[in-house]
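Hello,

Here is the structure I promised to pass on. My notes follow below it.

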Amino acid sequence: MTTTAPAPADRTAPPAASTAEVDLGTIAVVPTRHWWRWIFSALLLFVVAQFAWSLVTNDRYMWGTFAQYFFAEPVLIGIGYTLGLTAISAVVGFALGTLLALGRLSASPLLNAVAWGYIWFFRSVPLVVQIIVWYNLGYLYPTLGLGTPFTTDFWIVEFPTVQLVSAFAAAILGLGLHQAAYSAEIIRGGLVSVDPGQHEAAAALGIPASRRLFRIILPQAMRSIVPNATNEVIGLVKGASVVFVIAIPELFYAVQVIYNRNSRVIPLLLVAVVWYTLITTILSVAQYYIERHYARGSARALPPTPVQRTRRWVSAQWARLGDAPPGGTDADGPAAANGVRA
């Protein structure tokens, strides 16, 4: 009698028990709780609210006096002097700074040494000292003119230094020449940040040096130059206040004259603070759009500006209102819907 052995079990067969699918919707997602972040945010909000409350309730701020002198004629004249000094000094500083930056990058040892010496000297001397020296230049050189070299024989033209270098001119010379030393390093840093391959490729194409600089290198360098240059201009707005030492009636000097007469120091200083803040805000907005302009070559799609975001949000809200049913099924009732359409 022949006995047949049972067939061996198939080892490749799948297990009898099938794996149950996991429903991800049943898993509770617990977000991370940043307790310290919330605590510090609450403390910061409390401090800001406390300060805002003190601004309203503290009578020593004298907001009535602040409002009285905010648009006073001496203050507005001082703002005009501040803006004029800033604009002229910035043009002088950045124009001369560009030449100094090119001198620092020049292959000529003489130009390089002269530019380096200028930057070293004017960064070493305090701004207020420079302004006072320019204002008293007539003590060192009573007359200035053209004539025989290495003599005081002015046979072409001659001017009294006191008339030639007035208080306003001394302020422009001090601020502009001082600013040129810092602008030169900002511009040089921006030019150095451009890839050297851009120089080599433009030179290989036979493009003239001036066109290479102003059409290829400088537009790319402006992305690095603009933020630092704007900082310098903002610093120049506030740095122009040092010209009060030579009695130029800029904003801070005008405020000083007023509070020396009426002894209302705090409200008059707040007038200057608010005006300086407004000027700085306008310059910061201009910086944003200038940076956006020069970022066109580095980004495929520029992010929307705050104005564009606001317009899109308003358009989206109007679109949502336009999609409302004619019967007015909003929470405010039919009358509210009809009022929106009107």
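Thr 65 is buried, with a relative accessibility of 9%. Buried means under 20% relative accessible area, exposed over 50%, and partly exposed in between (1.4 Å probe, protein chains only). Thr 65 sits in helix H2, residues 63-70. Helices (H or I, at least four residues) and strands (E, at least two) are DSSP runs, numbered from the N terminus. Leaving aside residues up to four places away in sequence, Thr 65 touches Arg 264, Pro 267 and Leu 268. Contact means heavy atoms within 4.5 Å.

Keep in mind that this is a predicted model: local features need pLDDT of at least 70, side-chain atom pairs count only at pLDDT 80 or more, and totals for chains, interfaces and linings use all residues. Residues are numbered from 1 along each chain as its sequence is written, and side-chain values use heavy atoms, with hydrogens and water left out.

Now the chain as a whole. The protein chain has 14 helices and two strands. Of its 342 residues, 27% count as buried. Take the contacts between residues at least 6 apart in sequence: 65% of them join residues at least 24 apart.

Next, the aromatics. The structure holds 13 aromatic pairs. One of them is Phe 121 with Phe 122, an edge-to-face pair at 5.3 Å centre to centre and 85 degrees between the planes. Rings of Phe, Tyr and Trp (its six-membered ring) pair if their centres lie within 6.5 Å; planes under 30 degrees apart are stacked, over 60 edge-to-face, and the rest tilted. Phe 121 is partly exposed at 43% relative accessible area. Phe 122 is buried, at 11%. Tyr 61, Trp 63, Phe 66, Phe 70, Phe 71 and Trp 275 make up one aromatic cluster.

Last, a helix pair. The axes of H3 (residues 73-104) and H10 (residues 209-239) come within 12 Å and cross at roughly 140 degrees. Axes are lines fitted to C-alpha atoms, for helices over the stretch in contact, and angles run from 0 to 180 degrees between N-to-C directions. H3 is therefore oblique to H10. Angles under 35 degrees are roughly parallel, over 145 roughly antiparallel, 65 to 115 roughly perpendicular, and the rest oblique.

On the H3 side, the contact involves Thr 82, Thr 86, Ser 89, Ala 90, Phe 94 and Leu 102. On the H10 side are Leu 213, Ala 229, Glu 232, Val 233, Leu 236 and Val 237.

Best wishes
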